[in-house]
Amino acid sequence: MLALHYQIQSWVEIGSVNAEQMAEVDRRMVEDLGIEVLQMMENAGANLAQLAVSRFQPRTVAVYVGSGGNGGGGLVAARHLANHGVDVSIVLSGPAKKLTAAASHQLAIVQKMGLPIGDAPVHAELGIDALVGYGLDGDLRGPTAELVRAIGAGHVEVLALDVPSGLDATSGRAGDPAVAATATLTLALPKVGLLESGLVGEMFVADISVPPSVYDDMGVGPAPDFSRGPLVRLI
């Protein structure tokens, strides 16, 4: 993977969404435009892998995977990273049978590729947090909470997908526990809860193919400027 040259924009130049609004963006993509979850997931994961390599240049990566769409994006990233020679380990937060259909589809691919998959924390140069996205409801519990604590105890750089796990995408409330990311790649538009949080680290936004007209119709735009590439660095 080649190093990327990011477009740079200010937070105030683009729109933002709360969790409910982002769910509506996702609904319009699928139901109104026919852009399927797997397509958006592929865009998210491919961009996440590109950012991981260009920003961190890791030789080893541990991808922490939740059961929903965030985890599916992490599995896509794991595939792309492995394809480009990175030593990748996948850590599931729960039984494979609990994954959503789209995430299960991505898991089946990396299983066929023979990538290592387990449920215990793995030491690596970079941790990718793909556990919980904008749909968080309350504090993390169970194995997911244990993995978040392990990520924090590992003292390695962390790249979070969409929202650092444990952070409320709307209110910005940091639950107990929550991931403190070195960098966060949010999807489509920044979530309002990220704007003032000290947990997001460096902030990037990725193009997952949402037409700007969707944001305009909802009154949440403008869209990021992806004219020079699918990643924008926010300052």
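Start by selecting V61: across from it, in β5, stands L126. Keep in mind as you click around that this is a predicted model. Now widen the selection to both strands, β2 and β5 (residues 126–130): they run parallel, joined by five bridges.

Next, go to the other neighbour. Pick A62 and look for its bridge partner, which is S89 in β3. Show all of β3 (residues 87–92) and you'll find six bridges tying β3 to β2, again with the strands running parallel.

Is β2 enclosed or open to the outside? Colour residues 60–65 by accessibility: five of the six are buried, so β2 is largely enclosed by the rest of the structure.

Zoom out to the sheet. What order do the strands follow? Trace β1-β9-β8-β7-β6-β5-β2-β3-β4: nine strands in an open sheet with mixed pairing. At the edges sit β1 (7–9) and β4 (117–118); each has a single partner strand, so one side of each lacks a neighbour in the sheet.

Last stop, the helices. Select α3 (residues 69–83) and α4 (residues 101–113), whose axes lie 8 Å apart at an angle of about 25°. Angles under 35 degrees count as roughly parallel, and α3 and α4 are therefore roughly parallel to each other. Their crossing is left-handed. To see the contact, show side chains for G72, L75, V76, R79, A82 and N83 on α3, then A103, Q106, L107, I109, V110 and M113 on α4. Colour this contact by class and you get eight nonpolar, three polar and one charged residues.

Terms used. Residues are numbered from 1 along each chain as its sequence is written. This is a predicted model: local features need pLDDT of at least 70, side-chain atom pairs count only at pLDDT 80 or more; totals for chains, interfaces and linings use all residues. Side-chain values use heavy atoms; hydrogens and water are left out. Axes are lines fitted to C-alpha atoms, for helices over the stretch in contact, and angles run from 0 to 180 degrees between N-to-C directions. Helices (H or I, at least four residues) and strands (E, at least two) are DSSP runs, numbered from the N terminus. Angles under 35 degrees count as roughly parallel, over 145 as roughly antiparallel, 65 to 115 as roughly perpendicular and the rest as oblique. A crossing is left-handed if the near helix is turned anticlockwise from the far one by less than a right angle, and right-handed if clockwise. Contact means heavy atoms within 4.5 Å. Ala, Val, Leu, Ile, Met, Phe, Trp, Tyr, Cys and Pro count as nonpolar, Asp, Glu, Lys and Arg as charged, and the others, Gly among them, as polar. Buried means under 20% relative accessible area, exposed over 50%, partly exposed in between (1.4 Å probe, protein chains only). Two strands pair if DSSP finds at least two bridges between them.
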